[in-house]
Amino acid sequence: MEVHAHLIILGLHQDARLRNLVVNVYSKCRCFGYARKLLDESPEPDLISWSALISGYSQNGLGQEARLVFNVIPEKDLIAWNAVISGHSHNGEDVEAVSLFPLIFEYNNYIVNGLVDAYGKCGQSEDASRVFKESQTSDLLAFTSMITVYSQDGQGEEALKLYLEMQSQGIKPDAFVYSSLFNACASLSAYEQAKQVHVQVLKLGFIIDIFAGNSLVNSYAKCGSIDDAERAFREIPERSIVSWSAMIGGMAQHGHGRLALQMFNEMLKEGVAPNHITLVSVLCACNHAGLVTDAKRYFSSMEELFSVQPMEEHYACMIDILGRAGKLDEAMELVNTMPYEANAAVWGALLGAARIHKNVDLGSKAAEMLINLEPEKSGTHILLANIYASAGMWDGVAKIRKVMKDSNVKKEPGMSWMEIKDKVHTFIVGDRSHPRGKEIYAKLEELSEPLRKAGYVPMVETDLHDVEEREKAKLLYHHSEKLAVAFGLIATPPGAPIRVKKNLRICLDCHTAIKLVSKIASREIIVRDINRFHHFRDGLCSCGDYW
């Protein structure tokens, strides 16, 4: 304002270039009244000034105000279009973004790409795809925007298909495309696809790019190969905090808690300061390895050592760590004293702890809070029913079933996936629709006697179906992850690792059975469930039965 006053005194305030700069500064400082007054008093405000005001509104979360100005200005340039689209997207105003759709094709690809990106940030991947297809754009930026939208929306297969289409049009990809493709492979746990994309990256020399390198580390870690992830990590020439966080988080997910902490100390020695995401990964590493003392030390010193104030995620991790370790009183004390209201992650951690330690009172309280926060989630009811069942409280189990039926809460079916030769195979419990279904069930039957001799006894008490024990045992033996493992045994070469992804937490019965299968078949079996990776080898699991 002082500088602006000097411009007025010197008679320079009507200079177009200086006026544009002043409008830009006022807009970025959220002094919109001054910026708008300056424009209204100008004899001929130009498009640069109006675009600066629109950008200021958008960047400060005022999408509606940006749109009002946008609607009245006589001309619209690329900056103005992009600013108003970004303003809507950052505020989740997808209806307003949709209203721009009929006008957008009168402008060039830059605007189309902006709208694709805006829809993607609003979670409107279908609308983004519609814009992309109807605009008939075919440049690298358009394909990159759409592939990124699919990748961020969890539509990995669509991202990979679009990449193949881009190649068929002779468009040469860049590092940003590969970064999104690696993220797509990560969401699918598509290890073979990740390797193929990696080979193409190596040929083009993009692996030195930090974005592609970080995505590759994350992709290999989430595809079940922590060794490949570490090799990719070591090849990144200038590792950023994102690189370190991806590697530490990957090790934590794979159950290598102590190695993750060693990696964290290595990062500190190199002078890289952790952020809140890194420290969540560190606490997760402690959690998966049962390192309660280490977790307490890191949690209590976050602010003092690293200037990172504990956030909700850190509290949820710490409560989960204490709960799993059986320190339920300490966990509840932390819940009652933390500066945040307990969210679904916190109550979910307590419900999981109650299941592990068969604490009916805590389980009932945690489930009640979770049902209030997430009434549509069936997992809460199932976990509480398991707690009642383990305590022999079958009336409680019946009550939960009735509540689920009356509330129309549907149990999410357990599903498992395997990727073999660029094809994803899906399995659900008792499913016989797979083309090799007879062979899969024959393999399970073949394994039944060796499993029995190795000590496997179906844990029928964990099955909540209202059927006889013999039928429960059959249902357990035909769980989706067992079907996937059986398929892996017949569809992959002897000795090759078997990689399975599951949408839910692996059940105790399957965990026990797959440990034994890994020894009987002399195979490494890697299962990625909703929480972590389990590496089964020689009758043991990397989680140490602590998950």
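The secondary structure comes to 30 helices and 6 strands, in what is a predicted model. The C-alpha trace spans about 95 × 55 × 55 Å along its principal axes. The protein has 547 residues, and 50% of them are buried. Take the contacts between residues at least 6 apart in sequence: 61% of these join residues at least 24 apart.

Now to helix α25, residues 378-390. At 1.5 Å a residue, its 13 residues should span 18 Å, and the end C-alpha atoms are 19 Å apart, so the two values agree. Which residues of α25 are buried? They are S378, T380, H381, I382, L384, A385, I387, Y388 and A389. These buried residues pack against α23 (344-356), α24 (360-373) and α26 (394-406). After α25 comes G392, with a positive phi near 75°.

Next, a pair of helices. Two packed helices are described by the angle between their axes and the distance between the axes. For α29 (residues 480-491) and α30 (residues 508-520), the axes come within 10 Å and cross at roughly 20°. Angles under 35 degrees count as roughly parallel, and α29 and α30 are therefore roughly parallel to each other. Their crossing is right-handed. On the α29 side, the contact is made by E481, K482, V485 and L489. On the α30 side, D509, C510, A513, I514 and V517 take part. By class, this contact of α29 with α30 has 6 nonpolar and 3 charged residues, and no polar ones.

That is the end of my part.

Key:
Residues are numbered from 1 along each chain as its sequence is written. This is a predicted model: local features need pLDDT of at least 70, side-chain atom pairs count only at pLDDT 80 or more; totals for chains, interfaces and linings use all residues. Side-chain values use heavy atoms; hydrogens and water are left out. Helices (H or I, at least four residues) and strands (E, at least two) are DSSP runs, numbered from the N terminus. The expected span of a helix is 1.5 Å times one less than its number of residues. Buried means under 20% relative accessible area, exposed over 50%, partly exposed in between (1.4 Å probe, protein chains only). Contact means heavy atoms within 4.5 Å. Axes are lines fitted to C-alpha atoms, for helices over the stretch in contact, and angles run from 0 to 180 degrees between N-to-C directions. Angles under 35 degrees count as roughly parallel, over 145 as roughly antiparallel, 65 to 115 as roughly perpendicular and the rest as oblique. A crossing is left-handed if the near helix is turned anticlockwise from the far one by less than a right angle, and right-handed if clockwise. Ala, Val, Leu, Ile, Met, Phe, Trp, Tyr, Cys and Pro count as nonpolar, Asp, Glu, Lys and Arg as charged, and the others, Gly among them, as polar.
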